[in-house]
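Subject: Structure for your review

Dear colleague,

Please find below the structure that I am handing over to you. My findings follow it.

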Amino acid sequence: QVQLVESGGGLVQAGGSLTLSCAASRLTFNNLVMGWFRRAPGKDREFVGHISPSGGRPYYADSVKGRFTISRDNAKNTVYLQINSLKPEDTAVYYCAARGVFTSTYTYWGQGTQVTVSS
């Protein structure tokens, strides 16, 4: 069974930084686009960004561009989301997801990790 397991969430003060990790198992990680999403309390799930199988050309939603950085280590089957200059509005459950290159549908999802930013 494919597994995506996020970690690294927690309680952080505004202005701080955090790096989330997503470890993948039982899938061909090197062939998959890895995405990050978040769901804030009372809001719909929001796309944060994605990274190509090779690790090049990360793409970000306009709302996070400049503060969020997505990277991956294919040797470790892990994708990362670094968040800088955290704001209270970044408070959300963050999810990683995986999809094939030729589809826009994310097939595999992690269980999420909570990020809470205090003001």
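How many of the 7 residues of strand β4 (residues 33–39) are buried? In this predicted model, the strand is mostly covered, with 6 of the 7 counted as buried.

**Strand β4 and its partners**

β4 pairs with β9 in the antiparallel sense, over 7 bridges.

**The nonpolar core**

Which residues have the most contacts inside the largest nonpolar core? They are M34, W36 and L81, in a core of 29 residues. Two or more residues of this core come from each of β3 (18–25), β4, β5, β7, β8, β9 and β11 (113–118).

**The four-stranded sheet**

The model contains an open sheet of 4 strands, in the order β1-β3-β8-β7 and with antiparallel pairing. Its edge strands are β1 (3–7) and β7 (68–73), each of which pairs on one side only. From one strand to the next, the twist averages 15°. The pairing of β7 with β8 is antiparallel and runs over 6 bridges; within it, T69 has Q82 of β8 as its bridge partner.

**The largest pocket**

The largest pocket has a volume of about 170 Å³. What is the make-up of its lining by class? The lining has 8 charged, 2 polar and 2 nonpolar residues. Among the lining residues are the charged side chains of R38, K43, D44, E46, R67, K87, E89 and D90.

A92 deserves a separate remark. The C-alpha atom of A92 is separated by 5.5 Å from that of V115, although the two residues are 23 apart along the chain.

Most residues other than glycine have a negative phi.

- R57 has a phi near 50°, a positive value in a residue other than glycine. R57 lies in the loop that joins β5 (45–51) and β6 (59–60). R57 counts as exposed because its relative accessibility is 73%, and the cut-off for exposed is over 50%.
- S85 is not a glycine either, yet has a positive phi of about 50°. The loop between β8 (78–83) and β9 (92–99) holds S85. With a relative accessible area of 41%, S85 is partly exposed, because that value falls between the limits of 20% and 50%.

With kind regards

Terms used:
Residues numbered from 1 in each chain as written. Predicted model: local features only at pLDDT ≥ 70, side-chain atom pairs only at ≥ 80, totals over all residues. Heavy atoms only, no water. 1 Å grid on protein atoms, 1.4 Å probe; cavity = no way out; pocket = protein on both sides within 12 Å on 5 of 7 lines; lining within 4 Å. Points joined across faces, edges and corners; volume = space filled by probe spheres on them. Buried < 20%, exposed > 50% of the residue type's maximum accessible area, 1.4 Å probe, protein only. Pairing = 2+ DSSP bridges. Axes fitted to C-alpha atoms, helices over the stretch in contact; angles between N-to-C directions. Core = buried A, V, L, I, M, F, W, Y, C linked by side-chain atoms within 4.5 Å.
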